[in-house]
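Here's a quick briefing for anyone meeting this structure for the first time. Take a look at the model, then read on.

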Amino acid sequence: MDRMDHLEHLDKHLVDELAQVARETVRDELREQTRKQRRKATLYAASGASALYAGAALALAVGLALAVVLPDWAAALITAALLGVAAYLLRGAARPHPSGPGSGHGVGADAPPVPPVAPEVPPMPPVAPTAPAGTAGGTGPAAPRRDGTGAEGPRERG
């Protein structure tokens with residue numbers, strides 16, 4: 001029996017070692033992937049900052065060019081309006097557009113579609129159903145119909 005206890009101890013030790021090696025391998029792999037993605041994210045951020053400064057320089061150049069023929073405040077106002085239009089168009093290009101027939105663009109295009117108007121009264125069969133003779137439901141009076149006629153025929157309205 002001592003030999004079985006010894007083998008069980010070896011099995012437990014081997015399982016613990018394998019689990020530790022697997023954890024270290026996964027940790028190292030995740031660390032390497034994180035390092036690569038961090039570098040990529042830093043490069044994207046630097047690219048975005050450079051594009052922001054380039055856009056600011058372009059807006060300044062447009063404003064200065066307009067200031068040659070217009071007052072300074074008007075040139076700044078026109079430049080701001082151009083940047084606002086560009087931002088609006090870029091936002092519209094980034095949004096997903098509904099596809100298919102009848103998908104309108106413009107005012108209210110983002111509102112949910114209005115469901116068709118439901119009828120006020122659900123459709124009724126022309127004759128009230130009656131239970132066959134001898135069943136439990138066939139002993140009571142027939143339900144009145146919506147068109148003003150009962151089971152016995154049309155009624156006089158008075």
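Helices (H or I, at least four residues) and strands (E, at least two) are DSSP runs, numbered from the N terminus. On that basis, the pattern along the sequence is α-α-β-β, with two helices and two strands in the chain. This is a predicted model, where local features need pLDDT of at least 70, side-chain atom pairs count only at pLDDT 80 or more, and totals for chains, interfaces and linings use all residues. Residues are numbered from 1 along each chain as its sequence is written, and side-chain values use heavy atoms, leaving out hydrogens and water.

- Of the chain's 158 residues, 6% are buried (under 20% relative accessible area; exposed is over 50%, partly exposed in between, with a 1.4 Å probe and protein chains only).

**Helix H2**
- Ala 74, Ala 75 and Thr 79 are buried in H2.
- The 23 residues of H2 should span 33 Å at 1.5 Å a residue, and its end C-alpha atoms agree, being 33 Å apart (the expected span is 1.5 Å times one less than the number of residues).

**The nonpolar patch**
- Leu 58, Val 62, Val 68, Val 69, Leu 70, Ile 78 and Leu 82 make a nonpolar surface patch of about 640 Å².
- H1 (2–69) and H2 (72–94) each supply at least two of the patch residues, and H1 gives the largest share, four residues.
- Val 62 sits in helix H1 and is partly exposed, with a relative accessible area of 31%.
- Accessible areas come from the Shrake-Rupley method with a 1.4 Å probe, and for residues only the protein chains shown count as cover.

Note on methods:
Patches are made of residues with over 30% relative accessible area and no salt bridge: like charges are joined within 9 Å, nonpolar side chains (Val, Leu, Ile, Met, Phe, Trp, Tyr) within 5 Å. A salt bridge is a side-chain nitrogen of Lys or Arg within 4 Å of a carboxyl oxygen of Asp or Glu.
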